[in-house]
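Let me look things up one at a time and note what I find.

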Amino acid sequence: MVRRPVAWVTAIVLFVEAVGIAWVNWFMGIVVERQDMSLAGLDPDVMSTSSKVAGLVFGLYFALCGFTALRVGLRDRAPAGLGRILLISAAVVHALLGAFEVGLVGWGAFAFMMVVLGLIVLLFMTYDRLEATRPDAKPDPGPAGPGDAGGPGSAGDSGSAEGSGGGVLPPPPAPSVS
């Protein structure tokens, strides 16, 4: 099966990306700090500090996404709730960054972003297919009728079709012959 390896590879790539993003932004903060130059009148110390903080925030964000993918791989279940939202947002971020990086950095960075986007999408596709084809999944019983007090085995169910209407429909009328 390919589900777990995809989740593990996605987690590893997101962890590596988290460290890379944090390191690049920290390095850029140090470079700005040592140059002692301002950009459009901004204070160099503010630019340096904001670059370092942004690197840590994005690094933690990608590390949390990697932890979510790792958890999906360990539990062998589709992400749900906040984890699902986190991975969807990571896919959107990679799509947008990939589009911007073509012009700014080059095709190599674009290819990396598209590979990560593809891994996240593949993670969702493999686990959604798993949930849809699971053999032990029970069908949805549908909405309860007005005479149904809670389904089979409830207090209103007598267990036979001749009962007092505990959710069982009466037999259809016999067709008339004219």
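**Salt bridges**

I started with the charged pairs and found that the structure holds three salt bridges. A reminder to myself before going on: this is a predicted model.

I looked up Arg 3 and saw that it forms a salt bridge with Asp 76, with 3.6 Å between the closest N and O atoms. Because Arg 3 sits in helix α1 and Asp 76 in the loop between α2 and α3, this pair ties together parts that are 73 residues apart in sequence. I checked both partners for cover: Arg 3 is buried, and so is Asp 76.

Next came Arg 4, whose side chain also meets that of Asp 76 in a salt bridge, at 3.9 Å from N to O. This pair too links distant parts of the chain, with Arg 4 in helix α1 and Asp 76 in the loop between α2 and α3, 72 residues apart. Is Arg 4 buried, exposed or partly exposed? I noted a relative accessible area of 34% for Arg 4, so I wrote it down as partly exposed.

The remaining entry under this heading is Lys 52, which forms a salt bridge with Glu 33, the closest N and O atoms being 3.2 Å apart. Lys 52 lies in helix α2 and Glu 33 in helix α1, so here the pair ties together parts that are 19 residues apart in sequence. Lys 52 has a relative accessible area of 17%, so I list it as buried. Glu 33, at 42% relative accessibility, counts as partly exposed.

**A second look at Asp 76**

Where does Asp 76 sit? I found it in the loop between α2, residues 44-75, and α3, residues 82-104. I then looked at its backbone: Asp 76 has a positive phi of about 55°, although it is not a glycine. Why does Asp 76 count as buried? Its relative accessibility is 19%, and the cut-off for buried is under 20%.

**Aromatic rings**

I turned to the rings and counted three aromatic pairs. In one of them, the ring centres of Trp 23 and Phe 27 are 5.6 Å apart and their planes meet at 10°, so I call the pair stacked. The two residues are four apart in helix α1, which covers residues 3-35, so about one helical turn separates Trp 23 from Phe 27. As for cover, Trp 23 counts as exposed at 57% relative accessibility, while Phe 27 is partly exposed with a relative accessible area of 45%.

I also looked up Tyr 61 and Phe 62, whose ring centres are 5.2 Å apart with planes at 55°, so this pair is tilted. Tyr 61 is buried, and Phe 62 is buried as well.

What lies over the face of Trp 26? I found Lys 52 there, at 4.9 Å from the ring centre.

**Out on the surface**

I went looking for nonpolar side chains on the outside. Ile 88, Val 92, Leu 96, Phe 100, Leu 104 and Val 105 form a nonpolar patch on the surface, and together they have about 650 Å² of accessible area. I picked out Leu 104, which is found in helix α3. With a relative accessible area of 73%, Leu 104 is exposed.

For the chain as a whole, I noted an accessible surface of about 12000 Å², 70% of which belongs to carbon and sulfur atoms.

**The whole chain**

I kept the overview for the end. How many helices and strands are there in the chain? I counted four helices and zero strands, and reading along the sequence gives the pattern α-α-α-α.

The chain has 178 residues, and buried residues make up 30% of them. I also looked up the contacts between residues at least 6 apart in sequence: 64% of these join residues at least 24 apart.

Terms used. Residues are numbered from 1 along each chain as its sequence is written. This is a predicted model: local features need pLDDT of at least 70, side-chain atom pairs count only at pLDDT 80 or more; totals for chains, interfaces and linings use all residues. Side-chain values use heavy atoms; hydrogens and water are left out. Buried means under 20% relative accessible area, exposed over 50%, partly exposed in between (1.4 Å probe, protein chains only). Patches are made of residues with over 30% relative accessible area and no salt bridge: like charges are joined within 9 Å, nonpolar side chains (Val, Leu, Ile, Met, Phe, Trp, Tyr) within 5 Å. Accessible areas come from the Shrake-Rupley method with a 1.4 Å probe; for residues, only the protein chains shown count as cover. A salt bridge is a side-chain nitrogen of Lys or Arg within 4 Å of a carboxyl oxygen of Asp or Glu. Contact means heavy atoms within 4.5 Å. Rings of Phe, Tyr and Trp (its six-membered ring) pair if their centres lie within 6.5 Å; planes under 30 degrees apart count as stacked, over 60 as edge-to-face and the rest as tilted. A charge sits over a ring if NZ of Lys or CZ of Arg is within 6 Å of the ring centre and within 35 degrees of the ring normal.
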